[in-house]
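This report goes with a single protein model and its ligand. Please have the sequence and the coordinates open while reading.

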Amino acid sequence: MIRINENYSKLKASYLFADIARRVGAFTSANPAKPVIRLGIGDVTEPLPPACVEALHAATDEMAQRATFKGYGPEQGYAFLRDLIAKNDYADRGCRIEPDEIFVSDGSKCDCGNIQEIFATDIRLAIPDPVYPVYVDTNVMAGRTGQNVDGRYEGILYLDSTAANGYVPAVPTAPADLIYLCFPNNPTGAVATRAQLEAWVDYSKRNKAVILYDSAYESYIRDPAIPHSIYEIEGARDVAIEFRSFSKTAGFTGTRCAYTVVPKTLMAADAAGRPQPLHALWNRRHTTKFNGVSYPVQKAAAAVFTEAGKAQVKGLTDFYLANARLIRESMTRLGFACVGGDNAPYIWINVKRDSWEFFDLLLEKAQVVCTPGAGFGKCGEGHVRISAFNSRENVEKALDRIASALR
Ligand code: MLT
């Protein structure tokens, strides 16, 4: 008889945001007269920047004419987009990344989740806690962990991110082979300094490890001393893969475009201990399982790098950061210790009680959706994450309702 992948039985029944959506759905069905404000999942609410919309329209017109119509594009992305990314996101920040080291895709969630396929099953994982659940769950599915015991999977080296270390875990004393890092951080909003990233690059070199660096929120960095890319750190080309997305930058959560950088100098050993380029493996995986992002969407992404596009994206991220400041100030006034929100669209709030209980309280008493910290890991317990992605009117209304509910 056909059998299932038993690793799935180690997972929690549903994915965090699916679980939240189910609870919110149940509340709205039972309370149709009470409109809910969603500050849970980090999903943008502002429309696409006009430069992207214009490019989408123009590309759609090209697709409508025989002479300019396009079928399959290169799986790795069109050269026009990869060239712009290499120049604007890397060369202009002093990083040496070639266009053919960039793989355009339909999302960083998929890339972060799929990348583990190119590594051996019996490697040692180091994963922060709290963390974006995709990193953990995809490794559980692939059989790299044991059971979940007391909120943690056997076989993962957890890197605690707490108030004591400013939510930036120090390098461990134990060795690891594959390390997940995300800065600006989801869920805590913390950023890593150059010195902290240098320590991670150094650790990875010593341990012949690879860092998976999720930089999906880099466009929210306002502190000029904070690196936007792991490749701003000397030697990172030899130890790191980076994930970037247009989702939170240019409002592409529903449009879908992201990219992953795999430098050609990045190696991992085969069974005989010979170094093999990860670029070739990811290229093999990508060309086998992915057929490219649509031409109009890549044209829209390319428009992000025009002068108008850059100004519009800055306007969008400034707008969400202003929401974040309001949330942080308001929650601080209510007596909660808060971090994040200054270089990230998330505010991480110490609510000093069970995080699902606080989630339920905000939903029932204020009709506001947040994300319970426990959903991001054991260290997330006692915290909630509030996202800055909503209209100003809704954020202000949500904050008023929260203040009344907690009074
Ligand atoms: C989140 O809320 O953590 C993000 O929206 C998840 C994602 O980007 O997939």
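## Basis of the report

The model is predicted: local features need pLDDT of at least 70, side-chain atom pairs count only at pLDDT 80 or more, and totals for chains, interfaces and linings use all residues. Residues are numbered from 1 along each chain as its sequence is written, and side-chain values use heavy atoms, with hydrogens and water left out.

## Ligand site

The shell around the ligand consists of Phe17, Ile41, Gly42, Lys109, Tyr132, Asn186, Tyr217, Lys248, Tyr346 and Arg385. By class, five of the shell residues are nonpolar, two are polar and three are charged. In this scheme Ala, Val, Leu, Ile, Met, Phe, Trp, Tyr, Cys and Pro count as nonpolar, Asp, Glu, Lys and Arg as charged, and the others, Gly among them, as polar. Domain 1 (6-47 + 308-406) and domain 2 (53-306) each supply at least three residues to the shell; the domain bounds come from an automatic or database domain assignment.

Polar contacts are pairs of N or O atoms within 3.5 Å; within protein, one must be able to donate a hydrogen and the other to accept it, and residues adjacent in sequence count only if both atoms are side-chain atoms. An N or O atom in the side chain of Tyr132 is 2.5 Å from an oxygen atom of the ligand. A polar backbone atom of Gly42 is 2.6 Å from a ligand oxygen atom, and for a polar side-chain atom of Arg385 the distance to an oxygen atom of the ligand is 2.7 Å. On its own the ligand has 270 Å² of accessible area, of which the protein covers 85%. Accessible areas come from the Shrake-Rupley method with a 1.4 Å probe; for residues, only the protein chains shown count as cover.

## The four-stranded sheet

An open, antiparallel sheet is formed by four strands in the order E13-E14-E17-E16. E13 and strand E16 (371-372) are the edge strands, each pairing on one side only. Strands (E, at least two residues) and helices (H or I, at least four) are DSSP runs numbered from the N terminus, and two strands pair if DSSP finds at least two bridges between them.

Strand E14 (residues 346-350) has four of its five residues buried, where buried means under 20% relative accessible area, exposed over 50%, and partly exposed in between (1.4 Å probe, protein chains only). Strand E13 (residues 337-340) pairs with E14 in the antiparallel sense over four bridges, and Gly340 is opposite Ile347. The hairpin of E13 and E14 has five residues between the strands, and Gly341 there takes a positive phi near 85°. The antiparallel pairing of E14 with strand E17 (residues 383-387) runs over five bridges. Ile347 stands opposite Ile386 in E17, and Asn350 has His383 as its bridge partner.

Trp200 is part of helix H6 (residues 194-207). Trp200 counts as buried because its relative accessibility is 2%.

Gln298 lies in helix H9 (residues 295-303). With a relative accessible area of 0%, Gln298 is buried. A polar atom of the Gln298 side chain is 2.9 Å from the backbone nitrogen of Tyr78.

## Cis peptides and positive phi

Two cis peptide bonds are described here. The bond from Asp129 to Pro130 has omega near 5°, and Pro130 is in the loop between strand E3 (125-129) and helix H5 (133-141). The bond from Asn186 to Pro187 is cis with omega near 20°; Pro187 is in the loop between strand E7 (178-182) and H6. Asn186 is also one of the residues around the ligand.

Lys208, which is not a glycine, has a positive phi of about 50°. Lys208 sits in the loop between H6 and strand E8 (210-214), and is exposed at 76% relative accessibility. Lys352 likewise has a positive phi, near 55°, in a residue other than glycine. The loop between E14 and helix H11 (355-366) holds Lys352, which is exposed with a relative accessible area of 67%.

Conventions
A residue is near a molecule or strand if one of its heavy atoms lies within 4 Å of it.
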